[in-house]
Amino acid sequence: MKKALITGITGQDASYLAEFLLKKGYKVFGTTRRSSTVNNERIEHIQDKITILQGDLLDQGSLSSALLESEPDEVYNLAAQSFVQTSWNQPVLTGEFTALGVTRLLEAIRTVNPKIKFYQASSSEMFGKVTETPQKETTRFHPRSPYGVAKVYGHYITMNYRESFGIFACSGILFNHESPRRGLEFVTRKISNAVARISLNKQKTVELGALEPKRDWGFAGDYVEAMWLMMQQDKADDYVIATGENHAVLEFLDLAFKAVGINDWSEYVIANKTPHMRPAEVDYLIGDAAKAHKVLGWKPKTSFKQLVEMMVKADLAMEKKEK
Ligand code: NDP
Ligand code: GDR
């Protein structure tokens, strides 16, 4: 039985990856950081099938202990301060978690067992102010936020441990991927939840930032398979994972309202609100996942429209339950 350790097990992607690995017959371990309240809602349904260990990206000893205890074949580093907007308010902490945290985990692997395979959650935010369209593995990075800068560091240190120590260390450069389990602060879930609440008369309006930025949005459930496929290759490498299609925030908004039968949503939306505007915006992202198609045989299964409708439907069901 193969063993996998996932950092950030309480997060969106980890919940889908854990489900996927359990189905493949893995023994799954996940790390959480200590908090005063339990935060396991995304993994409640599989909690009895996985083993939770303590591990904080700020504390290398805790990462080494988690490795010693779980003895994994594969480590998926999904933990991070992942909200771009917060990275301007907490740039140093974002660097500690999202950049140096990767080195701490790689150092733990190097010292505990360098044969462990390592996956790093890199991001399309590294492309930022894009220099080429669509973006692929060789596109130059120009990050636009402290988060993006931290992810570039994480990406390069992963490459460096591969080249310096021969560790099987790969990076998935994943474009935005969403789901009904997405955090409520991210724009897709913020919209799907607000639309559900507005249609049920629980909320009057939703305040957003810029509606023009375009993202290449996929479904998280499809993307975790790509992570696993990267770890099954003979050689570690880096891959862009994307749908190859992009849409403006405005299009997401429009489709979400249409999913509840509202065609004219102008009275419900307040755009360009200050707290949601970013000091430096990423205007246009679209990925070229040709390498992943060719080498991994990976393709996304869920369309943009299916994704929007899935998220609105799930929020409607949740909001109806929570009177
Ligand atoms: P989430 O924000 O849903 O999950 C992040 C996880 O990291 C949570 O479990 C969180 O724990 C944990 N975490 C945060 N700080 C620490 C720390 N100091 N020590 C240990 N754990 C910590 O993110 P996603 O699931 O969406 O993303 C997974 C990874 O993929 C992240 O690295 C993200 O940056 C990256 N990524 C995501 C993309 C996306 O579109 N979703 C696209 C490209 C990359 P807690 O619950 O305690 O806060
Ligand atoms: P992003 O996702 O920054 O792409 O990072 P987010 O959903 O936060 O923003 C997407 C775009 O929507 C615009 N926007 C708003 N965003 C939020 N959060 N709230 C709003 O009210 C709002 N209004 C407009 C933003 O300006 C932006 O252009 C996500 C994260 O998952 C990262 O961890 C990951 O690396 C990248 O995707 C790929």
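**A walk around ligand 1**

The shell around ligand 1 is made of nine nonpolar, eleven polar and six charged residues; here Ala, Val, Leu, Ile, Met, Phe, Trp, Tyr, Cys and Pro count as nonpolar, Asp, Glu, Lys and Arg as charged, and the others, Gly among them, as polar. This is a predicted model, in which local features need pLDDT of at least 70 and side-chain atom pairs count only at pLDDT 80 or more, while totals for chains, interfaces and linings use all residues. Residues are numbered from 1 along each chain as its sequence is written, chains are lettered from A and ligands numbered from 1 in the order in which they are written, and side-chain values use heavy atoms, with hydrogens and water left out.

Let us look at the shell itself. In total, 26 residues surround ligand 1, each with a heavy atom within 4 Å of it. Strand β5 (117–123) gives the most, with three residues; helices and strands are DSSP runs (H or I, at least four residues, for helices; E, at least two, for strands), numbered from the N terminus.

Now for the polar contacts, which are pairs of N or O atoms within 3.5 Å. The side chain of Asn 39 has an N or O atom 2.6 Å from an oxygen atom of ligand 1. Leu 57 uses a backbone N or O atom, 3.0 Å from a nitrogen atom of the ligand. Taken alone, ligand 1 exposes 900 Å², and the protein buries 89% of that (accessible areas come from the Shrake-Rupley method with a 1.4 Å probe).

Notes. A polar contact is a pair of N or O atoms within 3.5 Å; within protein, one must be able to donate a hydrogen and the other to accept it, and residues adjacent in sequence count only if both atoms are side-chain atoms.
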